Amino acid sequence: MGNHENGDSNTQIPEGAKSFYLFRYNSPIIQIVLIGLVCFCCPGMFNALSGMGGGGQLKTTVSNNALTALYTTFAVFGILGGGVYNILGPHLTLFAGCSTYVLYAGSFLYYNHYQHQFFAIIAGAILGIGAGLLWAAQGAIMTSYPPENRKGTYISIFWSIFNMGGVIGGLIPFILNYNRGDAAATVNDGTYIGFMAFMSAGAVLSLTILPASKVVRDDGTRCTHMLYSNVTTESYEILKLFYNWKMLLIVPAAWSSNFFYTYQFNHVNKPQFNLRTRGFNNVFYWGAQMLGSVAIGYVMDFSFKSRRKRGVVGISVVALLATGIWVGALANQIKRDLGVIMDFKDSDYAGPFVLFFSFGLLDSMFQSMVYWVIGALANDSEILSRYAGFYKGIQSAGAAVAWQIDNHKVSGMAQLIVNWVLTTVSYPLLLVLVVLAVKEDNKGEEEQAKQVAPSSAENAFVH
């Protein structure tokens, strides 16, 4: 078991310090911004690379195989990642995770020249390990560091910064391939090198994240009572997740939350648009994610006084919006002319563009909603790192299956229907979870977990 910290539970921030207290290095908001910037550089750029369809290559086979390898190892290490984070802390966990993104982008640069997919598949499998570590750490930080009544707001702040990476990443192929015309089938070397530069910066930036035991909220509480954990404890706690009824209710939402990327990228963006327009679409897809996360964050935090009622309303809003978007996707799938490649200057571009923009909106609202529900189940970093890891593990297993389904030439219409059904099934189960498990606050259950920072007022500007 880990070491517990002692402190005075009544420690308060001096009045004169409160205006500046928000911006101290060990405050939750600064740490959320930092993890947002890390994800801006690494998974944000990865999203832009994947969002072009086929990893920017003419054929989707190499990308699909690499992504299958990625999400297979991600499924395992996503679940284990929470335990690894609790043992190693953020520095080693995040730096190891971020480094693997650079290798993955480099494998496509290699493929551009040698057309050997083996390196890309191996790099994908290694990235799955790294992504599992990174996202488990990110999930713990994003759900446990914020104050209890502002988790939706902090999630939206993270999601906005993170998805700005996809926006910038979408601009890279758009600008670098703008004048190459419709004949250009694969992105140029500069595109991959640009991605690698951002990813390398993210790996370095990950070293600035503080461990949960050093992060102090405005009321003086730390984000965890554990200084460290051990392999035995984490192995036992991770196994318990598989018969935790709260986690089982999240499984359909987790499975479907990356499952739809295959359809959106390979059956909407890739076959309907030329290379530069796919980059242009990506800018707005990931930009829409920023809007969606802010909107659902507001609903989840401010719509009603009751936390349980806010959860029910938020899930209902996402369910209604999702239904409308999938109806639009069905209409697009039915009327689409196969073989016609559009440019963003074409007169009939608006409809498919709005659909792809809406997909980005839905993705961020759906995932922010699930993260809010997970964050509402507890406050402690140690617990939430495991919950977040479980979510990412199941999510990645779904994604691995989705990319292989596409590799086996399953039709776009069949994939659309499966995605629609999977997301729709998840909403009533999340509603049950919110009604049965989400309390108005977690203070009663976690009094021991909320240890107070010794002399936090005096040390507020030192850490």
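Buried means under 20% relative accessible area, exposed means over 50%, and partly exposed lies in between (1.4 Å probe, protein chains only). The model is predicted, so local features need pLDDT of at least 70 and side-chain atom pairs count only at pLDDT 80 or more, while totals for chains, interfaces and linings use all residues. Residues are numbered from 1 along each chain as its sequence is written, and side-chain values use heavy atoms, with hydrogens and water left out.

**Exercise 1. Classify Lys 240 and Glu 237 by accessibility, then describe their pairing.**

Step 1. Lys 240 has 30% relative accessibility, so Lys 240 is partly exposed.
Step 2. Glu 237 has a relative accessible area of 22%, so Glu 237 is partly exposed.
Step 3. The two form a salt bridge, with the closest N and O atoms 3.4 Å apart. A salt bridge is a side-chain nitrogen of Lys or Arg within 4 Å of a carboxyl oxygen of Asp or Glu.
Step 4. Both residues are in helix H9, 3 residues apart, which means about one helical turn separates them. Helices (H or I, at least four residues) and strands (E, at least two) are DSSP runs, numbered from the N terminus.

**Exercise 2. Find what the salt bridge between Arg 386 and Glu 234 ties together.**

Step 1. The closest N and O atoms of this pair are 2.8 Å apart.
Step 2. Arg 386 lies in helix H15 (residues 381-407) and Glu 234 in helix H9 (residues 231-241), so the bridge ties together parts 152 residues apart in sequence.
Step 3. Arg 386 and Glu 234 are both buried.
Step 4. A network of salt bridges links Glu 234, Glu 382 and Arg 386.

**Exercise 3. Describe the chain as a whole.**

Step 1. Count the elements: 17 helices and 0 strands.
Step 2. Check burial: 61% of the 463 residues count as buried.
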